[in-house]
Amino acid sequence: MQKFSNIPVAPAQLPDYREASVNPVAPAFLPYRLLTTAAFWMFLAGLSTLPGLSALIGFGPRWLTILALCAGLWFMMIAWLDARHRGWALREHDLIYRYGVLWRTVAIVPFARIQHVETSNGPLERVFGLMRLKCFTAGGAASDLSVRGLDAASAQKVRQYLLEQIRDDVVSNEDRAREEPAANAPD
Amino acid sequence: MPPTEENRPEEKGTAAEAQWHRLAPLALATLIVSRTVSFIQQNLYALAGLGAGFAFVEALGPRELVMVLLGLLLLVVGSAVIYHRRFRFRLEEDALLVRRGLFEKKELRLRFARVQNIQIGQPFYFRPFGLVRFSLETPGASEKEVELPGIRRELAVWMRQQIISQTPSAEPAENLEPALCLSEESTLFSASAGRLFLHGLASNQIWFLTAAAAPLLPAINNQLAQQFEDPENLPWQLSRLLEFGWIAAVLILLAVLLSLLLLSGVITVIRFFGYRLMRRGDQMIATAGLLDKREQTLKKEKITGLLIRQSALGRLLGCWSLVARQASSSAQRPESRSDHFLVPGLRHHELTLTSEMLDLPEHTVELQGISKQFQKMYWLRLLLPLLLGWFAILRLPERDAGLLIGLAVVLPVLALAVHLRWRHWGWAMQAELLWVRQGMLGLSMEVFPVRLVQQVRISQSLYQRRHGLASVRLTVPQGIIQIPFLPLDSATELANRAVYSAESSLIHRV
């Protein structure tokens with residue numbers, strides 16, 4: 001059994017995730033988001049001009065198109081705010097990811113819980129030079145974190161950094177396990 | 001080691017220390033039955049459709065239908081035979097190897113260190129043959145659970161000992177009990193039939209029974225309708241009862257409910273008969289069952305948290321239950337799985353055995369509530385519009401009385417539900433342990449060491465931002481724990497503490 005230690009830590013002494021300086025997403029994320037949102041709602045607006053659809057729903061075709069265009073404008077505004085607000089930060093022991101406009105969320109994943117890191121990008125993201133970073137944890141999909149909007153260079157650097165952190169953790173854990181054979185062994 | 005009919009030398013031909021085992025012959029019978037049942041369950045709609053389809057085609061009759069059914073049965077039996085014949089397993093120094101599969105042989109390697117719990121079950125039809133069902137559970141996305149549907153009991157017990165204690169010993173010959181380790185075994189709790197019956201009454205099983213019985217309702221309804229058409233068919237008591245109209249309906253409903261409760265109680269007594277919770281060294285062992293005797297073993301270090309639960313009826317009956325939480329990456333809530341480690345029928349003072357499962361400095365703790373804005377928000381956003389709608393309907397020239405009365409009943413109930421939900425949501429952080437309680441009528445309390453946290457999410461909706469509140473979502477090995485509508489300072493402190501605890505602990509990659 002590991003040595004049980006219970007030294008109280010005052011809240012003021014705890015590292016605060018709010019103090020981390022957040023790196024904003026790549027500048028290319030904004031046009032990427034605007035483009036995808038616009039394309040989606042233009043497509044819907046185009047659909048709404050089909051004669052059959054408006055008869056089905058009961059609105060006049062012009063109303064549907066206007067509705068689609070208004071929604072498109074609204075979501076593009078959201079996308080603009082999203083690109084401004086989204087960001088990530090690396091601390092000594094964890095990754096912080098901030099996203100969301102109406103529901104502002106901050107997600108924190110300690111390196112000690114990351115088992116694997118991958119980068120990926122879709123075809124449109126490739127055009128804008130963007131990449132996604134996915135951190136896999138033991139908990140499965142519920143605790144995996146997908147960081148979007150990184151430019152390719154940063155994504156590779158962060159991935160490399162995370163892999164090193166994970167490796168260091170495993171090494172130091174093995175050292176610790178050798179020193180204290182009674183400690184809980186990692187999986 | 002004397003080779004028996006159940007030992008097979010390794011395929012390469014060299015006599016290896018660890019030998020491949022096969023399933024017992026009788027297991028084939030159970031495999032056939034279980035596969036048939038699951039086949040029917042999965043393809044119920046297809047089979048029903050098939051039957052209906054055949055009924056429409058004139059020339060074809062029942063004979064063709066029977067032939068198709070026989071063909072399907074043959075398929076299922078054949079697949080069971082192939083599965084049974086190809087099933088192999090072997091115990092290595094630090095892992096269990098299982099080879100199984102119908103078309104392609106899949107080999108699974110389960111390391112002992114990853115095993116969360118071991119279950120050995122002996123249904124009554126296995127008992128004369130000395131066979132058991134052996135199943136292992138490990139966390140992980142692929143192949144979480146391995147079941148050996150029928151092996152010798154001695155082999156199963158020996159395998160369990162190897163996996164848990166990790167002290168290698170010789171494999172037992174047939175019909176000999178392996179030498180068990182001599183550590184002390186202490187009984188922590190045993191449930192009498194009365195407590196089990198109460199647990200059955202209090203548990204949510206009754207709703208599953210109702211849901212299971214629901215498909216039968218139309219058939220029962222038709223039967224009853226046929227009977228009632230002719231008044232002479234009715235027993236005189238029932239016809240007198242029916243004269244009272246709606247009172248009769250209520251009484252009949254109560255009778256049905258009562259019988260479901262009784263059924264639930266009896267089922268629980270049978271399922272958990274003779275429940276005993278023991279501790280042997282660092283293992284927690286639970287034995288229970290009348291028709292299917294089960295022994296569940298888990299290592300204390302594999303317990304990631306506890307769920308202390310009291311359903312609505314449980315609060316009336318003073319009946320608690322305890323679930324030992326373990327790592328699970330399935331989306332399905334652990335409670336609904338049949339193999340979770342459940343301690344039924346506890347009284348309040350017996351909850352002290354939580355300290356046997358988890359290092360708890362205290363058994364109860366003062367909880368902080370969540371912000372009243374939670375209640376206010378739901379009342380304003382959900383109920384107020386409904387209330388206004390109700391008034392609007394009242395003003396209408398032609399109003400639907402049923403809808404008015406319905407809403408008039410539903411609205412206070414919803415308001416009460418929101419209030420109860422708000423009132424019962426509470427949390428406390430004490431000595432690196434997080435306690436979170438929630439519930440509406442029933443209560444459930446989760447407690448776990450905060451260092452096990454895998455991810456922390458703090459989110460704020462527009463409403464919450466305006467009122468300085470936030471919701472915290474923690475992902476832990478057993479699932480997701482949420483606390484909504486906390487003051488922002490408390491939320492950030494909780495998040496920072498959880499993250500700090502996870503990062504400064506010795507256990508990584510959990």
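Select Arg133(B) and Asp292(B), which form a salt bridge (a side-chain nitrogen of Lys or Arg within 4 Å of a carboxyl oxygen of Asp or Glu) whose closest N and O atoms are 3.2 Å apart. The pair links distant parts of the chain, since Arg133(B) sits in strand E7 (residues 131-137) and Asp292(B) in strand E12 (residues 292-299) of chain B, 159 residues apart; helices (H or I, at least four residues) and strands (E, at least two) are DSSP runs, numbered from the N terminus. Arg133(B) counts as partly exposed because its relative accessibility is 22%, where buried means under 20% relative accessible area, exposed over 50% and partly exposed in between, with a 1.4 Å probe and protein chains only.

This is a predicted model, in which local features need pLDDT of at least 70 and side-chain atom pairs count only at pLDDT 80 or more, while totals for chains, interfaces and linings use all residues. Residues are numbered from 1 along each chain as its sequence is written, chains are lettered from A and ligands numbered from 1 in the order in which they are written, and side-chain values use heavy atoms, with hydrogens and water left out.

Next select Arg109(B) and Glu92(B), a salt bridge with its closest N and O atoms 3.6 Å apart. This pair also links distant parts of the chain, with Arg109(B) in strand E5 (residues 106-111) and Glu92(B) in the loop between strand E3 (88-91) and strand E4 (95-100) of chain B, 17 residues apart. Arg109(B) is partly exposed at 47% relative accessibility, and Glu92(B) is partly exposed at 25%.

Now move to chain A and select Asp94(A) and Arg91(A), whose side chains meet in a salt bridge at 2.8 Å, N to O. Asp94(A) is buried, because its relative accessibility is 1%, and Arg91(A) is buried as well, with a relative accessible area of 17%. Over all chains the count comes to 20 salt bridges.

**The interface**

**Strand E6 of chain A**

Staying in chain A, select Thr137(A), which is found in strand E6 (residues 130-137). At 7% relative accessibility, Thr137(A) counts as buried. Leaving aside neighbours within four places in sequence, Thr137(A) is in contact with Val109(A), Arg113(A), Ile114(A), Gln115(A), Ser143(A) and Asp144(A).

**Helix H12 of chain B**

Return to chain B and select residues 373-395, helix H12, whose 23 residues reach 31 Å from the first C-alpha to the last, close to the 33 Å expected at 1.5 Å a residue, the expected span being 1.5 Å times one less than the number of residues. Where does H12(B) bend? The bend, of about 35°, is at Leu383(B), and Pro385(B) follows within four residues; the angle is taken between axes fitted to the seven residues ending there and the seven starting there. Among the buried residues of H12(B) are Phe374(B), Leu383(B) and Trp390(B), and the buried residues of this helix pack against helix H13 (401-424), helix H14 (462-467), strand E21 (469-476) and strand E22 (479-487) of chain B.

In strand E22 of chain B, select Phe485(B), which has a positive phi of about 55° although it is not a glycine. Most residues other than glycine have a negative phi. Phe485(B) is buried, with a relative accessible area of 6%. Ala431(B) has a phi near 50° and lies in the loop between strand E17 (426-430) and strand E18 (433-438) of chain B; Ala431(B) is partly exposed at 27%.

**Colouring by confidence**

Finally, colour chain B by pLDDT, the predictor's confidence in each residue, from 0 to 100. The mean for chain B is 82, and 80% of its residues reach 70 or more. Confidence in chain B is lowest in strand E1 (residues 7-8), at a mean of 44, and highest in strand E20 (residues 455-460), at 95. Over residues 1-16 of chain B the pLDDT is below 50, and beyond near neighbours in sequence this stretch has 23 contacts in the model.

Definitions and conventions: Contact = heavy atoms within 4.5 Å.
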